[in-house]
Amino acid sequence: MRDLLLVGVFFTLWLYCFRYPYIGPLLWAWISMMSPHRLTFSFAFNLPFAQIAAATSLLIFLTTKKKFPFPRSAPAILLVVFFLWCSVTSLVSFNTPSVVFDMWMKVAKIQIMLFVTMMLIGGRKTINLLLAVLSLSVAFYGVKGGIYTLTHGGSGMVWGPSGSFIEGTNHLALAFIMVIPLMYYLLGEQKNVWYRRALMLVIGLTVLATLGTYSRGAFLAAVTMAFFLGMKSKRKALTLGIMATLLVGAVAFLPEQWSNKMSTISTHEDHSAQSRIYTWQMIWNLALHHPITGGGYNVTENMTTWEQYAVTAYAKAYSPHSIYFQALAEHGFVGLFLYLAIGIITWRYASKIANQTRDGPDKDWVPQLMRMIQVSLVGFAAGGFFVNLVNYDLPYYLVAIVAMVGRDVIQSLPKSDQVLASGSVSH
């Protein structure tokens, strides 16, 4: 039954792609973020939904006249440069060629579809649709995980869809943290009281599911995100109070075993923490020997890498366990610099867009959206120190959305002001 339902919904939306070009990127975003086929049990489980959505979007992109110009702002340009640099590091990688190529192909599809999305989507309505697809696709597992945590008294861990970037508990929790501010923004965009109540329930369950993953790094990121969410919202005191109540209530509900695990945050004596430290030491050693290009995709999974650069034979993790060390290991110091630059420049760009539009015709949505994306990026930056999610789609979508909004804001200005606005926002 699930298989038939998914196929029916997917191909109904697929038909609309040919009438509304922006549906293609939305369809791709839904499949890549939610992996709904992994919830089926029969023929739909291995159907190439993502490939169909991508091929259709590319075909429409090449044939439609309803395209937006590619954003010329620094965040969008850096996305292209970073992808090109990752391609260079793949060519000179000393990891297994087949492994590197498979990962490069996966990343290439993500990035190319991101570029297509930036040129097929624009304007408040479709950008909000994209935000809704991204956040609710992830929040589906927040609702599912929140209900599971409630019904099991917090005694079991919440997991993500199999075979996806967010299958692991730590990775899923960080995805939750990133979409909570986006849903908070959508809450302000929704006027229907019942939709607002439903969205508030989704947010509450997602907060509970975040803690239900038992991820220590995500707990720290959740506290950071909640603080910035309050500080960046229109009603700071009210929002801080609500987020504090949600977190405290969720913590009080969870069992003692959850509290015991969180209490180990201040120490590094357990095997998991020790293995991360040894892995980071190995990666640093690797980067000193290959400072420009690093070792290529999935280099830490290569046994030869450990034999050459490990500082100890104990606690080999075979995973960077950090977006920063992952970028350094796979793409060298140049790649790490570009990766950090994307986040920092996007933050600054979002601030300038928010300031530019606070008294203009877009003041009722753009400033709040920019602030909430900043909150998401802060949560990702904090929680990302403990997970390897450099290639995960969602953070790049946030960068792309900031770039798209910036492009649309500049286009809406009088021509005499566009050059000035472009210079004040993009640099």
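Is Arg407 buried or exposed? With a relative accessibility of 7%, Arg407 counts as buried (buried means under 20% relative accessible area, exposed over 50%, partly exposed in between, with a 1.4 Å probe and protein chains only). More on that residue in point 4.

1. Ground rules. This is a predicted model, so local features need pLDDT of at least 70 and side-chain atom pairs count only at pLDDT 80 or more, while totals for chains, interfaces and linings use all residues. Residues are numbered from 1 along each chain as its sequence is written, and side-chain values use heavy atoms, with hydrogens and water left out.

2. Overall fold. The protein chain has 17 helices and zero strands (DSSP runs, H or I of at least four residues for helices and E of at least two for strands, numbered from the N terminus). Its C-alpha trace spans about 60 × 50 × 50 Å along the principal axes. For 427 residues, a compact globule would have a radius of gyration near 22 Å, and the chain's 21 Å agrees with that (taken over C-alpha atoms; the rule is 2.2 Å times the number of residues to the power 0.38). Of those 427 residues, 54% count as buried. As for contacts (heavy atoms within 4.5 Å), take those with a separation of 6 or more: residues 24 or more positions apart account for 80% of them.

3. Side chains of opposite charge can pair when their charged atoms come close. The structure holds three salt bridges (a side-chain nitrogen of Lys or Arg within 4 Å of a carboxyl oxygen of Asp or Glu). One of them joins Arg124 and Glu189, at 3.0 Å from N to O. That pair links distant parts of the chain, with Arg124 in helix H6 (residues 124-151) and Glu189 in helix H7 (residues 169-189), 65 residues apart. Arg124 also meets Asp364 in a salt bridge, again at 3.0 Å, N to O. Here the link runs from H6 to the loop between helix H14 (323-357) and helix H15 (366-383), and the partners are 240 residues apart.

4. At 16% relative accessibility, Asp408 counts as buried, and so does Arg407, at 7%.

5. Nonpolar core. The largest one (a set of buried Ala, Val, Leu, Ile, Met, Phe, Trp, Tyr and Cys residues joined through side-chain atoms within 4.5 Å) has 122 residues. Its residues with the most contacts inside it are Ile127, Leu130, Leu369, Met370, Ile373, Ile401 and Val405. H14 supplies the largest share, 15 residues. Which residues does Ile401 touch, not counting residues up to four places away in sequence? They are Ile127, Leu130, Leu131, Leu134, Leu369 and Ile373.

6. Thr213. You'll find Thr213 in the loop between helix H8 (193-212) and helix H9 (216-232). Its relative accessibility is 0%, so Thr213 counts as buried. The side chain of Thr213 reaches the backbone oxygen of Thr210 at 2.6 Å; this is a polar contact (N or O atoms within 3.5 Å; within protein, one must be able to donate a hydrogen and the other to accept it, and residues adjacent in sequence count only if both atoms are side-chain atoms). Leaving out residues up to four places away in sequence, Thr213 touches Met157, Val158, Thr169, Ala173 and Phe176.

7. Helix H9. The 17 residues of H9 should span 24 Å at 1.5 Å a residue, and the end C-alpha atoms are 24 Å apart, which agrees (the expected span is 1.5 Å times one less than the number of residues). Buried residues in H9 include Arg216, Gly217, Lys232 and Met225.

8. Positive phi. Two backbone spots to look at. Ser35 is not a glycine, yet its phi is positive, near 50°. Ser35 sits in the loop between helix H2 (23-34) and helix H3 (49-63), and is buried, with a relative accessible area of 8%. Asn298 has a positive phi as well, about 55°, although it is not a glycine. Asn298 lies in the loop between helix H12 (271-289) and helix H13 (303-309), and counts as buried at 18% relative accessibility.
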